[in-house]
Each structure stands twice: as C-alpha cells, then as structure tokens.
Amino acid sequence: MSLWVDKYRPKNLQELHYHHALSKRLKSLASGDFPHILFYGPSGAGKKTRIACTLREIYGPGAEKLKIDQRIFLSPSRRKLEINLTQSNYHIEITPSEAGNYDRVVIQEILKEIAQTQQVDLNAKQRFKIVVINEADSLSRDAQAALRRTMEKYMSNMRIILCANSTSRLIAPIKSRCLLVRVAAPNADEMAAVLNSVAGRENFQLPEEAARQIVEDSNGNMRKALLVMEALKMQSPNLTGPLTIAKPDWETYCHKVADLIVSEQSPSRIMEVRNKFYELLSHCIPPTVILKTVAERVVERVDESLKADIMHWAAFYETRMRIGNKKIYHLEAWVVKVMSLYKQFFYGFDMSSFD
Amino acid sequence: MPPRSQPASQKKPVKAKPVVAKLTVVASGPPSSDSQKRFNPLTAYSFKGASAQLSQSSQPPPTKKRKGKEKAVEVPTDRGLVDEFILDDRLWVDVYEPKTEAELAVHVRKVEDVRRWFLEAFDGGPSGKLRRYRRILALTGPSGSGKTAAVRLLAREMGFEVLEWKSATGEASSSTWDSSFDFNGDYESAFSKFETFLNRAMSCRSVFDVPAAATPSMSSTSTQRKSNTPSSASKHVILLEDLPNILHPKIQDQFHASLRAFIESTSQLSSPVPIVIIMSDATMRGETRDELLTNGGGAGGYAWSREKNDILDIRTVLPRDLLMGPYVTQIAFNPIAPTLMKKALTALIDRHFSQRSSSSSHSDIVTPTKEIIDAIVESSNGDIRSAIMALQFNSVASKKSKKGKKHGVGSTQVMEAVTRRESSLALFHLIGRVLYNKRKGDPSSTSASAKDIKREKDLDVKLKDPSRLPPHLKEHERRASRVDIDSLYADSPIDSSLFSLYIHQNYSQFCNEMEECDGVIDWLSWVDSSGGEMWYQANPHRFHLLTLGVLHSLPSPVPRRSQKVYKSDYFEYLKKEKEAWDAVSDTRYWMMNHRGLGSEESLSMNASRWSRSEVTLELGAILKLKQQQQQMRKDKESFFPPSHSLFSKLTFTRDDKMGMQVDEDGVSKEEELQQFIALNDGEANGGLAKGPGNGDGDGDDVGGNWLENDDIEEF
C-alpha cells in the first residue's frame, strides 16, 4: 500500500500530464547529444519525476532497476562518512546534504569513480553514465567549485543532472555549463487534471469542489495536492460535504507561535517562544520554513504599517541564519525585533517621526 | 592520591644515587602491611616499623654525610642526605598518603558509599544477594579528588588485596623493575596481555599464592607482602586505572568485550572478583568539538553522529549498556571542598614540620603561612594532589627565597603563577559577571561582605571614566564597566560558542525592555553569523565582541530579582533533533524497502524521490492518518515505523518547562562537557549527565533501587 503520489508517478515522458513542450524537448535531447542539465523549479513541480522519465527515455527500462548502496567515504580528517547511494547500471543518484560539510569529498570521489569506468552494457543507448545530484542548491561552495572542473574534464563518459529549487545558490560557472531547464509549478487546471486522473485510476469520482479546494490549498505543489487528496479520502470516503483540509502539525504550531508573539511582548514571552522554536527545530522542521511560516502569520495579524518592516527583518535574519551556525539565535532575534517594533507601534511611539 | 606509580628509575632519572639506594632496599623486600600488590617504591616504604628496621640493616652509601632528617624514621634512604629537599626527592603526595579515613580529605559519605560497595561486593550486603551485581565499580571525578587514595585506604582498612593492571609499554626497558617478568622476545600485544591479566585475575586466584610472574602488575615484593597477610587472601579487587589504549576503536571494542565476558563469567562464581575502574574526568575546553558539532548538526545531524570520540571518559571505557546495567555502579567524586582540603593541608604541614623539628634543630625551616595555604586551597580548584604539590614546591621555593632575603609577597606571586589552573573561573561566576553588568558606582548588593565592598571600591578608583560622547551618540553612553573582559576571556572555562549559548539561555531574565533584549540577541545573531562557513573561518574576536555587546545592551544597573542561571536547552534540542532525523531516515528506508518487495513495479525508484525535508514537511499528516487507520483495523501489516511521531507529531502546550539550573559549585561545567561528549557519542544519555551535581551517593542510589526490585522478584 504505497502512497498515491508514488504509485501513480509517471514512468516516462509521454505519461507526464503537463509541460508537454518541455517533455518533447527532453525526448529529443535524450536521443541526440545530451548536455549537462540543471532542473530547477519549486518544490512539488515534478522535477525528480521528470529526471526519472528522462533517464528512462535515454536508457530504457533498465534505468529503473535501482539498488541502494551504502558507501563509506573518508573525510580529510579521516572521519568515516556513510552515504546512501541509489544507482542503476546507467546512473547514480546522490544527495550531498547527507554528507554535511564533507560534500566536496563525496562529490569528487563519486565523479572520479564514475568517470573512470566505461559503460559496460554494450546495448546501452548512450556511451555515458549520468550522475544525478539532488538538492544541488545545498551544495557548499567548495563542492560546487570541485564540480565545475570535473564537468568539463569528464564530459566524454559522464553527464551531470542537477536538481535544485532555485538557481540563486549555485555559482555562475556551474549554471553556464548546464542546460537550464525550468520546471514550473503546474497551474490549477493542470493540477485538477492530474487529481482527476489519479482518482480515476483509484476508481472514485473526485467532486469538483473538493478538487478546487485541494488545488487551492496545495499552492502549486503537486505532491502536496496528491497527499492531501489521499488524506481526505481516508477521512471521508465520499469526499462530499464540507471538507477540512488538515494542516500538518508543524504548521498549526507555527501559527500558534505567531499568536504568542502578537499577544504579548515581554522578556518572559521571549523565553516561551524560544522553547517553542526549540520544539519545532527538534522536529526537523527547517529553520527557514519556520521563519517563513511564522512571519507570514504575524504579518496577517498586525497593522499595515508594520508589515513591510516585519518582512524586512525576516529576510535580514534569514540571511544571517544561512551563514550562522545556531539557527535559534536568528529566529529569536527576529522575534525580539518584531516584538519591539510591535510594542513601539502599540504605544504610538514612532521613531521615524523624530527625523 | 599519588600519581601513577612508575619505576623509580624513570621518575627521577637525574638523581641516580638515592634511587640506587632505594633499589637495594627493594631487593631486600621489606614486609609491609600495605596489602596492595602494585609495586610502588614510593609508598611501599611508608610502613614505619619495617623500614626502620631495615634502615638499620642496610648499608648507608659511604659518600653521604650523616645529617638527621625528620623522615629518617620513615625512610631509610634519607639518612645522611645533605638536604632533604634536594636529595629526598619523594613527593609529599606520596609521603603523606592518607592512612586513615580521618586523613582522607574526601567527603565522609563518598567514602561510605565506596565502602558499602566493597562490603556488598564481598559479602553481598544485607540480603546477601547484591554480590552478583557488584561487579564493576566506576569511580569518576576530576583529578586529585582522592579516588585512588580512597580505594587504597579501604583496601588497607578492610583487608583486601588490590591487583592493579599496569600497561607494560615502555617498562620493559627498565630492567631493574621487571626483572622477574620474563619478557621473551615474542611480541604480545598490550591488549592481549591485558586480557591475560584479567582472565587470570578473575579465574585463577590460587595462582597468586606463588610468585605470579604472569601478571605484569606484580612486583617481586608482592608475594612477601602477601604471605604476611594470609587472612586477606580470599579478597581481591582488580583495579584498572592505567587502561589500555581505549581511544583506538578496535581496542575499545575488545576492551568492552572482555569486560562483558568478565561479567558473564564471574556472575556465576561463588566469590567473584570485583573490578574497580578509576577514571579521571578529562577537563578540557569544548573548543573545536563544539564547532564541529554545531556545523555537522546544522548539516542534518548525519555527520556529527559519526564523529569518533577522542576524549577519554567513562562512556568510552564502559559500553553504554553496561554503564546503565545492573552490574556497574558509578560513584562520582566531587572536587575536594576547600574546608576539607584546608584541614588536610594543615594536618600535613603539622606532621611534616613536627617530625622535622623533633629530629633535628634546623633553623631555616619556613612553615608555610596561613595565607599561603589559603592561596593554595583557593587556586587548586579542589585538586588535592596539585595542592600538596604546590605546598611542597612552596616550601622549597620559600626556603630559597629566604636566603635571597625576599620572602612574603614574592612567594605568593610565585604560587599564583605555579598553581593557578586554567579554568579557575566557575561557569556560574562567568555568566553572572557578564549578565549582572556591574558598572562603576553601582551600589553593592545587600549580601556582599565588607571585603567585597572594599574590593569594588578599590576597583572603581582604578577605573577611568569614558570620555563624553557627542549628542547624537548619547544613547550609547554608559558608565565604565567593572568587567575586565581580557581576564574574563583568559579565565573562562568555556569557549565562546558555549558561552554564547549560556548568554542566550539567560539574558532575557536580566532585561527590562524589549529594546535591551533586542540589543543582546542581535549581538548574538551577529557574532554567530560573522565569519565563514567553516569553523576555522570563524571570527576570532567572538568572545570579546559578544561580551562587550551584551554589556552594552543590558540595562544598568541590572535589576535584581533573584534570577537563576539555567543550562542551555540547546543540547537537549540537538539530541532530540538527531533522534528525529534518525526517524526520518527510518521512514525513508522503510518506504524504499517496502516498495521494493510488494509491488510489481520497481518502486524503490520513487522512494528516493523523497528528500528528507519533504518527508518532514509533507508526509506528517498522512502518516498520522494511516497510523490511525491501521490501529482501527488492527492491521498486522507492518506500516511506517512508529518512530515517525518524533518528527510528525507536535502538540502545542503552554506549560513553561524550566531548564536545568547552574549551581554555584561550578560542577555543571563538567555536566556540560559530559553532555557534549554524550552528544558526540551520538548517545542519548539521560541519566548520567546529572552525575556529579546531585550530591553524594547519587549513582549508588540508582543502582540500589534497581537491585531492591530485583531482590523482591527473586523471593
């Protein structure tokens, strides 16, 4: 009993429901001269699905025979890193964020190894192997720099497919060496079509109202939409009547934290909010997501004149968070900033009027 | 507690003569009531009667002039030495090793705990059943807290023998020492020697009645000593203080295995031999480890859990399951309290100088003054060994300085320089000093003593007022601070990263307004994000910047409302986060494997589509639903690993949990380090982190409860 998202995931380029022009282009690339490709686009737009379909297009069904290997790498300080690699005969997938700070070592080792081995399958349609790097935007600078040279050097028997949410954190040399493929989020109609087709294959009718609600809630994230549909189906099998789409726990939690911030501003409240943040962080919720969710909620609840400032500071501390080590400081710094802004506003004390 | 015994020839290679003299004595083998088998030339002769007899029979080296010294009664080699401070090179620590419990500076209850353990180990306690659980006693505590001394003293008092393991590395060369130990050219790894020792010590006890050449820890004198105390023959204790190289992972595994085997095999015996493991807590600063930890933790908790621990610690010595299990009792020694230490030092001085004056009428004896003892006690931080060393050093130094007509102030300064230990400022005081933000002219607190008030006044006089700021910077004007950041930095027991965590945990109680909070937290945030991605790119001025920033932002004076300093929740959070990440991985792998088996298509391909953040952010709701369904249907089919609630379940509560408080005794610093170590081990360690902070006998109580329950079950 796998999830619908996985169960009905398109297997080849023809099955993909949207961005047909893109599919066509990928298809022609697959048969001809295949470049390094960087797929980017929002979460849940279908990047990885598209990559898998492209691989299948290049190598045929053999690319779907995957095995999971645990490999051990040695960091420069002789520490052992255990990394899980998913690979077929034709390609290898890595998620460098699993290697933490040592992603450079892992990337280099893998690329070197792949580049040194020739394609053994004589029936393979292409002479090269493919390295898929997931979450490429979390690659460290070092690793990206290491990648850049290798991409040119081993072009003869290796191609790289990068997958990222945004290109902004990739260095320019990498971007310029890749064919950039943007996988945009599907629009509402496309999503509804996908939902209906999945519903059809599960043998039930999806009411239009429910579909609309799901699409609205999922905000262009196809994976989320399908998960929500499955959850709703489990809750109320006929999917009629008023539907309440259950938010994940962490989202409700973030909203409550936002309420805490708005309702009182005092040093003791800071402590309370801090504990809540710790709780969220210890549930593996990424700090950027926390900041974003809480900030959006706070902005909803405050006066118009404060909104710009709150978002400004959210962006400010988000940058610091990316550079810094201890995320909690920056989250809290933002909270304190918001609290003091709100308090000043509340007491009608506006610093700008003195200028 | 004397230092690890080493062959005399190694310890003082320079002064050959006294050593030779001693070694001749060794050969004649004085009988000693000291029931331990360790060959310790320094303590072995403290038995007065025997050595006195011996001193008459042994030939004094002809070169020596006869000059009666106070220790002549005790120590044969002293006779005729020109100057005992130069030629009697024995350390006071060894000379005045405590012989009775009254002399031992350890807290009475601690000693009582250890004694009770030994009683239970030999006799089985009141119910007689405890014996099989008293297998391993782990004594931990900072160095110089009297762990070894306590064991030795109890051995003497209760009449059991201590068989100590001593690593033979490097000692093979000192031929005088292990002449009885046949080192045949065959290479035998240090560890296999250890194993042999352990096996023999626990199983073949009868062998020890004949000269036990097999165990390297045995000295040639042990048998003679042994024969003098036949009553103690039935009682042995294996003492492991000089451990094999545990830091090597393989040896560590072997060591753990042999300990397990030891427990397994001896719990069946009628009179098993208990093991005593003595571990000095490594007190080191949490410097780069901290950075590694936070860096790795930030990158997803994968990397740092793999980190091999390179700190010698009770957790590396004993595997976790043993440490938590019923067979191991941990007793944590605290640093020696100043009052006890002072008493002990005074007694030692009395003994030393009364003996000296009775045996000779030397005029240039300088008894250390009370001030010097106070200074030593203060600077030793509860390490009695270092205190005695300092005392001895002082009496040498002060004697010389007297000749140079320079005494008093000079010697105290020397003491300062010599005895001052690195971490002399307790964490509690460090945080307090920063967060109370005392500035020039602040009224003293009501509880301050007259001395403190005077000191503050003196300090204020020295402080210069800062120059006035121009009007547009008026808001940044502060009075001169009483905090000397450089000395704070020098004395800080923790590094800047840990320091910032403490500031972060506690600053909000010390603020009145949001703006003050904003200042502090903004500095924390800035300091954390200044510098590069890697630890070595970090800003080198973090400590100073942070302290200055915090002092600048806090109100002045800080309102006193009995603030309590808490331990940072950060470690708790890291621990939980790590567990949650493990749960995420579990879920992901479950998804991959589950697919691969059941379905017709190769679905494992799809599972790898799920990145970890997608699992945590989007899968939560559906996991919960599926689990509910499964529970309703009473499904037998294995579904998602139940651990997923670690990341998917978040209930919002408003209860204010308070963290662990930091005590003034500064013990929490060690807790902190332990916590660090525990985290680095990747071990979720709840019970032990509280270790030394919770007063006497804590560890034992835990063990005791367990055992009582077990006893009830057995009846």
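Tutor: Let us start with chain B on its own, which exposes about 31500 Å², with carbon and sulfur atoms supplying 55% of it; such accessible areas come from the Shrake-Rupley method with a 1.4 Å probe, and for residues only the protein chains shown count as cover. This is a predicted model, in which local features need pLDDT of at least 70 and side-chain atom pairs count only at pLDDT 80 or more, while totals for chains, interfaces and linings use all residues. Residues are numbered from 1 along each chain as its sequence is written, chains are lettered from A in the order in which they are written, and side-chain values use heavy atoms, leaving out hydrogens and water.

Turning to the meeting place, 82 residues of chain A and 89 residues of chain B take part in the contact, where contact means heavy atoms within 4.5 Å. About 8000 Å² is buried between chain A and chain B, and carbon and sulfur atoms give 56% of that area; buried area is the accessible area (1.4 Å probe) that two parts lose on being put together, summed over both.

Across this interface the rule finds 3 salt bridges, each a side-chain nitrogen of Lys or Arg within 4 Å of a carboxyl oxygen of Asp or Glu. In one salt bridge, the side chain of A:K337 meets that of B:D518 at 3.0 Å, N to O. On the side of chain A that touches chain B, α11(A) gives the most, with 12 residues, helices being DSSP runs (H or I, at least four residues) numbered from the N terminus.

Conventions
Helices (H or I, at least four residues) and strands (E, at least two) are DSSP runs, numbered from the N terminus.
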